[in-house]
Amino acid sequence: MTHSLVCPETVSRVSSVLNRNTRQFGKKHLFDQDEETCWNSDQGPSQWVTLEFPQLIRVSQLQIQFQGGFSSRRGCLEGSQGSQALRKIADFYPEDSNSLQTFPMPAAEVDRLKVTFEDATDFFGRVVIYHLRVLGEKGTNKDPYRDLHYRAKLGEPRPHPRNLNFP
C-alpha cells in the first residue's frame with residue numbers, strides 16, 4: 001500500500017521564497033493539506049525542493065498541485081542514500097493547471113530527494129505549489145549509523161554504544 005511519506009521528521013528545504021516571506025509563502029505550506037496556503041518561490045531559472053527522510057523510502061509516485069500560470073513545464077526527481085551524490089530517478093512533464101497531478105516514478109530506495117522545477121510558465125520563473133506529496137512505502141533502515149546521524153542533526157543526545165540494538 002502506498003501512502004504519503006513526508007512526516008514531521010522529514011527535513012525540507014526550498015530554493016527560494018517570494019520576498020523571503022516564509023510566514024505567508026514558506027515551505028511548510030507544501031505539506032499542510034490546507035487549500036488556502038502555498039509555497040511561492042521567488043524568481044529564477046529553476047526552483048527546487050529537497051527532502052531528507054528519517055529512514056529509507058521506496059518512491060512510487062509524486063503528486064503536485066500548482067497554481068495555473070505558475071507551474072513548470074519540466075521537472076526532475078533525483079535521489080540518493082546517505083552521503084551519496086544525487087542521481088536522476090526520472091523526468092516528468094506537468095501541465096499548466098490547478099488540478100492535482102500524479103506522476104508515476106520508477107521504484108527507487110532513497111532517503112534524500114530533490115525535485116527540480118525547470119522552464120516555469122511564469123515569465124519571471126516563479127513557481128506556486130499548493131500540495132507536494134511523495135507516495136510509496138517505508139524502506140528498511142539497513143544502516144543503523146544513519147539513524148544516529150539523523151538524530152544528531154535533530155539535536156537528540158547520542159546513546160551510549162552499549163544501548164544500541166544493531167542487527
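**View 1. Glutamate 36 sits in the loop between helix H1 (22-25) and strand S3 (39-40).** Helices (H or I, at least four residues) and strands (E, at least two) are DSSP runs, numbered from the N terminus. This is a predicted model, in which local features need pLDDT of at least 70 and side-chain atom pairs count only at pLDDT 80 or more, while totals for chains, interfaces and linings use all residues. Residues are numbered from 1 along each chain as its sequence is written, and side-chain values use heavy atoms, leaving out hydrogens and water. Glutamate 36 counts as exposed because its relative accessibility is 70%; exposed means over 50% relative accessible area, buried under 20% and partly exposed in between (1.4 Å probe, protein chains only).

**View 2. Arginine 13 and glutamate 52 join their side chains in a salt bridge (3.3 Å, N to O).** The pair links distant parts of the chain, with arginine 13 in strand S2 (residues 11-14) and glutamate 52 in strand S4 (residues 46-66), 39 residues apart. A salt bridge here is a side-chain nitrogen of Lys or Arg within 4 Å of a carboxyl oxygen of Asp or Glu. Arginine 13 is partly exposed at 38% relative accessibility, whereas glutamate 52 is buried at 12%.

**View 3. Glutamate 109 meets arginine 58 in a salt bridge (3.0 Å, N to O).** Glutamate 109 belongs to strand S7 (residues 100-120) and arginine 58 to strand S4, so the pair ties together parts that are 51 residues apart in sequence. Glutamate 109 is buried, with a relative accessible area of 16%, and arginine 58 is partly exposed, at 32%.
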